[in-house]
Amino acid sequence: MLVRILVLLYLAGAPALAQTLCQPNASNGCRVRISIKTALGNQAYEWNENEMFLFRATMAFAMRRYYKTETYNVDNIIMCNQTLRVSFWFVVTSPENSTMLIPKADVEKAVRMSRHRINNAFLLTDRTLEFLGIHPTLAAPVNPDTPPWLIVFGVVIGAVFAGIIALLVSSLLQKRRKEKGMMEDGQDEEDRQMKGVENDNVLDGIYNRGFTDDDRFTKL
Amino acid sequence: MGKDAARAEWDNPMQFVLACVSYAVGLGNVWRFPYLCQMHGGGGFLIPYMLMLVLLGVPLFYMELAIGQKMRLGSIGAWRAISPYLGGVGLASVVTSMYLCLYYNVINAWSFWYLFHSFQSVLPWAECPVNSNLTGHVEECERATPTQYFFYRETLDISGSIEENGGIHMGQALCLLLAWIIVYLFIVKGVKSTGKVVYFTATFPYLVLIIYLIRGVTLHGAINGVKYMFTPKMEQLANPTTWINAATQVFFSLGLGFGSLIAFASYNQYNNNFEKQAIVVSMVNSSTSIFASIVTFSIYGFKATFNYESCLERVRLLLLNTFDLAEDTISLENVNHWIAELNRTQPEQFASLGGRLETCDLEAELDTAVEGTGLAFIVYSEAIKNMPVSQLWSVLYFIMLLLLGMGSMLGNVIAVITPLSDLKFISHYMSTKTLNGLVCLFCLLLGLGFTTRSGNYWFTMFNDYGATFSLLFIVLIEVITVCYIYGIKRFEKDVKDMLGHRLNWYWKIMLAGVSPILLIALFIFYIVNYIQGGTPTYQAWNKELGKSVVTEYPPYAQAFIGLLLASSVCCIPLTALYTYCKKRNLASGKRERTVSTVSA
């Protein structure tokens, strides 16, 4: 009889005990804020008891993973003070002693370790599933061996140098062609000059602009 | 006559027009005109601008083209031919152009840097880099914005003040080297190569501007910016600064006084119809300014709307989190309604928000007017990073900046090279290719000083003082020389000789009367402004605060400013004195010789 009364008391008192353990702003409590509509828009799901159960299960999983034991269970995660925003507080009790709370630092480390899995369970991200006080670790920057801009620079300056070399080569070729042409022309020049001298005509005169056929005013 | 036959010429008049357009349409059209429009009353600014263009810009442009085409020499030779005592005007132009060459190509180096950095999956100025222990972002970046951090820290690695020098930024130096090699490539064969390049540098920016216009006006919120720009505020017309800024903008946008126009025109055929070309180039330049303003303001509008909506989103989240309301109770539209509501119903909790509640104001966002490198490299890149497919838009934008800058650089370098290659003793010793190479190398080596850690402060000094005041003085002397010392009658005769018809009354009145008066007024205003302004100051980047702080120039920097101004202006009186002394020596020498022969 006494045992039954004690059992009844225990069953009645346990949730109340659990409620006293979980208080907003408790030293070992953690606040969670969830923004489902921001993350998923039209495909947002309803936050109800089932989701709460999933959360407790995921947290138990995280604690198991961190401590590498299999003693944590859904009952060890106690939640309270849920608001319309969808934010709530939770505390983690030790599996051996249900009145003893796991210190916040350890809970934080456990969450950090399994953050990715927790996010994925709810289809959320670090920004939309916030554990207030636990900052997400930022992705390490990817440092390539050669900075990409140097590659593009190399391509452009290579093209420019190729252009310069092409220009120099073409001007060299032109000069050689002109020299060859001049050698042939030179004989003609001599003939003409001789002709000029013979006929007593001066063949190279001053270019007189007044007698050109071009338009006097160059059009735009 | 022999010189006539040997002088290079444009292949056709279109090349000359495109060269002038490419030179005049530069970065100032994109980053200074929209700023002035915004500061001085939107659409209303067009009135003083057009008036100044007609009274000041076009006549002076016409005059420079006429001089170049008639004398067929660069600025030194041309002015010496007009009046031997005032050959110093040409020399002053060359000195000013040299200063411009030194610092202008640094802007092209920055454009190259940004262009090369656009080929990444995430634009580097879109996010702050993480700090060394991966807990958060770099502090300087948190206090400023990612775009500012990228410009001041990663591009410039700027020091705290002009006194703190540092090493050369290797990336910048490489980009500057590339810029100068490309400039050399464009001018290596003189006008033959330049003439072909300008087909591209003059037309391609318009293609990019049109693409950007279409992209810009289809952006969300662009209409706010365009409406803001075009709403005229007529009361600004009563402000004299509006008129002064309109005159200065017309003046500098057309590139008068640098000697580039004289150099370009000197390669023209003698009978080229430069009158029509002068009007066409001025009109094209102005319409490009207006066109670029529409593009700039649509992007401003997009950026302002984006920032405004981000601000609203932050306030919404703050309210939701503080008052623990369900997510869909507050939307972006009724944020302000809810603020009033919550203040009324729960005042104590509302008061606990304290300073965290920001006021979001679209007008304030649009009011942030920026000009110059701040607009091009900070504001624009911030807008671009928020566009979809931002890498493509970034590449296009910086290619456009590069083409505009390169086109203007061509004019600057030709303004220096043409007079030098006309000088007998230089053309005797080296070919044009070697001269071009030497000038480019010299400018590159000196320009490396602008790539040091305090280089941006020296750049700003050159930008503000190197060419502004001296140009006004140069052009004033030019106009007075042509109209009163050379004589408007002789000028008229020369023009009739070239064009075949007499000078119109419009040109005569403007050149002889209105333009000199306006120039004198501008000149006096600049002097008064400079004296009243007190010690010259500059914006130094403070890395602790994450913003620019107004700092005074140290004494040696102020002395350098004085040197910059004096070095180009002094050329005019010094050359006049030198010519006077030489003539006197020559005259007295001749007299002695004549006396000796007679006596002998």
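A: Helices (H or I, at least four residues) and strands (E, at least two) are DSSP runs, numbered from the N terminus. On that basis, the elements of chain A follow the order α-β-α-α-β-β-α-α-β-α from the N terminus on, a total of 6 helices and 4 strands. The model is predicted, so local features need pLDDT of at least 70 and side-chain atom pairs count only at pLDDT 80 or more, while totals for chains, interfaces and linings use all residues; side-chain values use heavy atoms, without hydrogens and water. Residues are numbered from 1 along each chain as its sequence is written, and chains are lettered from A and ligands numbered from 1 in the order in which they are written.

E3(A) has strand partners, pairing being defined by at least two DSSP bridges between two strands. Strand E1 of chain A (residues 30-34) pairs with E3(A) in the antiparallel sense over 4 bridges, and within this pairing Val32(A) stands opposite Phe88(A). Strand E2 of chain A (residues 77-80) is also antiparallel to E3(A), again over 4 bridges; here Met79(A) faces Phe90(A). E2(A) and E3(A) form a hairpin with 6 residues between the strands, in which Asn81(A) takes a positive phi near 55°.

E3(A) also contributes to the cover of a helix. In helix H4 of chain A (residues 104-113), the buried residues are Asp106(A), Val107(A), Glu108(A), Ala110(A) and Val111(A). Their cover includes E3 together with helix H3 (49-67), helix H5 (115-121) and strand E4 (129-132) of chain A. The loop between H5 and E4 of chain A holds Leu123(A), whose phi is positive, about 60°, although it is not a glycine. Leu123(A) has a relative accessibility of 57% and therefore counts as exposed.

For chain A as a whole, 30% of the 220 residues count as buried. Contact means heavy atoms within 4.5 Å; of the contacts in chain A with a separation of 6 or more, 61% are between residues 24 or more positions apart. The accessible surface of chain A is about 15,400 Å², with 57% belonging to carbon and sulfur atoms. Such areas come from the Shrake-Rupley method with a 1.4 Å probe, and for residues only the protein chains shown count as cover.

Chain B provides the context. Its secondary structure comprises 28 helices and 2 strands, and 56% of its 600 residues count as buried. Among its contacts between residues at least 6 apart in sequence, 82% join residues at least 24 apart. The accessible surface of chain B is about 24,500 Å², of which 65% belongs to carbon and sulfur atoms. The C-alpha atoms of chain B fill a box of roughly 115 × 50 × 45 Å along the principal axes.

Helix H20 of chain B spans residues 390-422 and includes Leu404(B). Ser408(B) is another residue of H20(B). Leu404(B) is buried, at 4% relative accessible area, and Ser408(B) is buried as well, at 5%. Leaving aside neighbours within four places in sequence, the contacts of Leu404(B) are Ser22(B), Val25(B), Gly26(B), Leu27(B), Val30(B) and Pro205(B). With residues up to four places away likewise not counted, Ser408(B) touches Ser22(B), Tyr23(B), Val25(B), Gly26(B) and Tyr104(B). The loop between helix H19 (373-385) and H20 of chain B contains Val389(B). Val389(B) is a residue other than glycine with a positive phi, near 55°, and is exposed, with a relative accessible area of 55%.

Definitions and conventions. Buried < 20%, exposed > 50% of the residue type's maximum accessible area, 1.4 Å probe, protein only.
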